[in-house]
Amino acid sequence: MSARDDRIDRLLLSDEIARFLYHEAELLDERRYGEWLDLLADDIRYWMPMRRNVKYGEGEREFTRERTDIAWFDEGKETLTRSVRQIETGIHWAEEPQSRISHLVSNVQLVEAMPNVAHVVEVTARCRFLIYRNRVETETDFLVGKREDSLRRAGDGWLLSRRMIILDQSVLLSKNLTFFF
């Protein structure tokens, strides 16, 4: 395979991954949670560490440690499914009335394709996000950050097998986190 063919394969794969992430955002915005759950691998790890304000030179302390410290989220498919089912009851206090949410996804980058771009089985991708949420008349939230996702090939499509969510803010002003990133 020529270097040009490799670049074309990488470009096509990058586009495929970006389209997957945009589709996922659309499902969440439209509250199509059952379809969103179908995009998640059974062994998914959905993790959002907490961020701290630290002094210069202490960057290793900025985020809580995986599987050691507290996190905003550290979920698997079972708990994500329970969260969806709770929201779908229509009596969830934090989502009654329902929030209006927009997920904006940008700067999608293909980080790694395993075993290679031509015969990909799993990919790692990074992106930036902005989530806007409005509840009732006056509650408005903006959450900004980046994600690192692992996606696994499943037939002709993809399943999300790992998501690490990094918020830019260290203090959350949202009254709750009953939405998905």
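**Salt bridges, cavities and a pocket**

Analyst: A network of salt bridges links E24, R147, D149 and R163. Keep in mind that the model is predicted.

User: How many salt bridges are there by this rule?
Analyst: The count comes to 23. Side chains of opposite charge can pair when their charged atoms come close.

User: Which residue does R32 form a salt bridge with, going by the closest N and O atoms?
Analyst: R32 pairs with E30, and their closest N and O atoms are 2.4 Å apart. R32 also has a salt bridge with E35, where the closest N and O atoms are 2.8 Å apart.

User: What about D69, which residue is its salt bridge with?
Analyst: R52, with the closest N and O atoms 3.9 Å apart. D69 and R52 both lie in the loop between β1 and β2, so the pair ties together parts that are 17 residues apart in sequence. D69 is partly exposed, with a relative accessible area of 24%. R52 is partly exposed too, at 33%.

User: Staying in that area, where is R51?
Analyst: R51 sits in the loop between β1 (40-49) and β2 (71-75).

User: Which residues does R51 touch, leaving out those up to four places away in sequence?
Analyst: R51 touches E62, F63, I166, L167, D168, Q169 and S170. For L167 there is a polar detail: a polar atom of the R51 side chain lies 2.7 Å from the backbone oxygen of L167.

User: New topic. How many cavities of 30 Å³ or more does the structure hold?
Analyst: It holds 2. Rolling a probe the size of a water molecule over the atoms shows where empty space is left.

User: What volume does the largest cavity have?
Analyst: About 50 Å³.

User: And which residues line the largest cavity?
Analyst: The lining is L21, E24, A25, H103, L104, V105, F129, I131, R147 and F181. The elements giving two or more residues to that lining are α1 (3-29), β3 (100-114) and β4 (122-135). By class, the lining has 7 nonpolar, 1 polar and 2 charged residues.

User: How much space lies in the second largest cavity?
Analyst: About 30 Å³. M48, P49, M50, R51, W72, L167, Q169 and S170 line the second largest cavity.

User: OK, now pockets. How much space lies in the largest pocket?
Analyst: About 160 Å³. F73, E75, L80, S83, Q86, I87, H92, L177, T178, F179 and F180 line the largest pocket. Both β2 and α3 (77-87) give two or more residues to this lining.

User: Which element gives the largest share of that lining?
Analyst: α3, with 4 residues. By class, the pocket lining divides into 6 nonpolar, 4 polar and 1 charged.

User: Last one. Where is R7 found?
Analyst: R7 is in helix α1.

User: Is R7 buried or exposed?
Analyst: Exposed, with a relative accessible area of 54% for R7. R7 and V117 are 110 residues apart in sequence and 9.1 Å apart in space, C-alpha to C-alpha.

Notes. Residues are numbered from 1 along each chain as its sequence is written. This is a predicted model: local features need pLDDT of at least 70, side-chain atom pairs count only at pLDDT 80 or more; totals for chains, interfaces and linings use all residues. Side-chain values use heavy atoms; hydrogens and water are left out. A polar contact is a pair of N or O atoms within 3.5 Å; within protein, one must be able to donate a hydrogen and the other to accept it, and residues adjacent in sequence count only if both atoms are side-chain atoms. Contact means heavy atoms within 4.5 Å. On a 1 Å grid over the protein atoms alone, a cavity is a set of points where a 1.4 Å probe fits but cannot get out, and a pocket is an open set with protein on both sides within 12 Å along at least five of seven lines; lining residues have an atom within 4 Å of a point. Grid points are joined across faces, edges and corners, and a volume is the space filled by probe spheres set on the points. Ala, Val, Leu, Ile, Met, Phe, Trp, Tyr, Cys and Pro count as nonpolar, Asp, Glu, Lys and Arg as charged, and the others, Gly among them, as polar. Buried means under 20% relative accessible area, exposed over 50%, partly exposed in between (1.4 Å probe, protein chains only). A salt bridge is a side-chain nitrogen of Lys or Arg within 4 Å of a carboxyl oxygen of Asp or Glu.
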